Amino acid sequence: MSAPSDREPLWEVFVRSRRGLSHTHAGSLHAPDAHMALRNARDVYTRRQEGVSIWVVRADGITASSPDEKDAFFDPAGDKPYRHPTFYQVPSEVQNL
Amino acid sequence: MGATADQQDRAALTAEQQAAFDAVLADDGRVEPRDAMPEAYRRTLIRQIAQHAHSEIIGMQPEGNWVTRAPSLRRKAILYAKVQDEAGHGLYLYSAAETLGADRADLLDALHEGRQKYSTIFNYPTLTWADIMAIGWLVDGAAIMNQVPLSRCSYGPYARAMIRVCKEESFHQRQGFEGMLTLCRGTPAQQAMAQDALDRFWWPSLMMFGPPDDASPNSAQSMAWGIKRFSNDELRQRFVDATVPQAEFLDLTVPDPELALDQETGRHRFGTPDWDEFMRVVKGDGPCNRQRVAFRREAHEEGSWVREAAAAHAARRAEQTAVSTQRHLVSAYPTQRHVASAGHPAA
């Protein structure tokens, strides 16, 4: 059976693939602390130079928006198409708009 | 699984939740971890992903067997990288299973206690160096054939793990074919070794796609759920069609007297794998089943002191220092102190 030390906390891994780009979620892993989480993340997620910078965040430190990812939380943006440039009709002969 | 179990599972979701789940599948969308999903869907995925993860880490053994005996430093470095990749693939997959509420430590227990299985192919021994090359060519080739459709599977985290795995395994297959080619263009003894490896690994590779469609009771449900995109027999056929010309290029003979190209369809007719042998290996009676699981348990037990030491070290360091003051660890952004002192190097 598993020993208690097998139950290490879960960390979410974010990798910046190159300068100029944001960190992007790459996956998760278990590690006893931040130091080991970083080293493990390097070995698991950047074996082919996929990154120049790594963030690790304890999974239980993340607050998520909603259980099913599509509830009323995002509704307020749903009826505001006028926030997009394509909402507006402009004569085709007008340039640089 | 009977209709009753499925009905019970459906009863566990509200009509609205079930409709949302069905709509995602109908739209060929992706189910994400926090979505409501039928319990049978969750259980099926956990079982399949765990079995897949176990296959990756058990698959390290037959190949690790040859790391110290690789014929050159180049081949050794390549094999070592490949075995390391398999460990990584196992971790991506265990992570994907955990998004469904499984616990990695429990899954490993299930593997060690024989309650969960892994691919039958890894219960065959690697007797020669040519076996290692044949595994890269055939076993990784079959795995890619299986996994490319899985990268479009309905469960998001599994699909994303598969995209990554497929990218990396493409190197595995190519290095295997390259190694086979080297042997087949070598001495008669090397050619014979390559042929012998193909003779032993051909049929077990075809078995990797699972039992024939008419003996695969869970396939229909997995297809309906968008977990499985093609049937076992269809994938097996594709693998044969892709691989036979490669064997011809190597001047090797595929060990199947019934193998023939159908000129009209462009597809191959081929013989039937020994499904009795397959079932024996599934049930634990293959050439290496006991050895693989015993070795895996031993490795886990022998590694326990490392996990204990890491946990003790982490606990002690947490007592002594805050994370941000450790020299090798930094926060994501400069702290106020760094910013304030930036303009005043003397401060």
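Helices of at least four residues and strands of at least two are taken here as DSSP runs. All views below come from a predicted model.

**View 1. Chain B as a whole.** Let's start with the overall picture: chain B carries 15 helices and two strands. Its C-alpha atoms fill a box of roughly 80 × 60 × 40 Å along the principal axes. Of the 347 residues in chain B, 48% are buried. Among the contacts in chain B with a separation of 6 or more, 78% join residues 24 or more positions apart.

**View 2. The surface and charges of chain B.** Carbon and sulfur atoms own 56% of the accessible surface of chain B, which comes to about 17,500 Å². You will find 38 positive and 45 negative side chains on this chain, with the centres of the two sets 7 Å apart.

**View 3. A hairpin in chain A.** Here strand E1 (residues 10-16) of chain A pairs with strand E2 (residues 23-30) of chain A in the antiparallel sense, over seven bridges. To find your bearings, look for A:Val13, which stands opposite A:Gly27 in E2(A). Six residues lie between the two strands of the hairpin, and in the turn A:Gly20 has a positive phi of about 100°.

**View 4. Helix H1 of chain A and its neighbours.** The 12 residues of H1(A) (residues 34-45) reach 15 Å from first C-alpha to last, close to the expected 16 Å. Its buried residues are A:Ala34, A:His35, A:Ala37, A:Ala41, A:Val44 and A:Tyr45. Within chain A, these buried residues pack against E1, E2 and strand E3 (53-58). From chain B, their packing partners are helix H5 (73-98), helix H8 (156-184) and helix H14 (304-320).

Definitions and conventions:
Residues are numbered from 1 along each chain as its sequence is written. Chains are lettered from A and ligands numbered from 1 in the order in which they are written. This is a predicted model: local features need pLDDT of at least 70, side-chain atom pairs count only at pLDDT 80 or more; totals for chains, interfaces and linings use all residues. Side-chain values use heavy atoms; hydrogens and water are left out. Buried means under 20% relative accessible area, exposed over 50%, partly exposed in between (1.4 Å probe, protein chains only). Contact means heavy atoms within 4.5 Å. Accessible areas come from the Shrake-Rupley method with a 1.4 Å probe; for residues, only the protein chains shown count as cover. Lys and Arg count as positive and Asp and Glu as negative; His and the chain ends are not counted. The place of a charge is taken as NZ of Lys, CZ of Arg, CG of Asp or CD of Glu. Two strands pair if DSSP finds at least two bridges between them. The expected span of a helix is 1.5 Å times one less than its number of residues.
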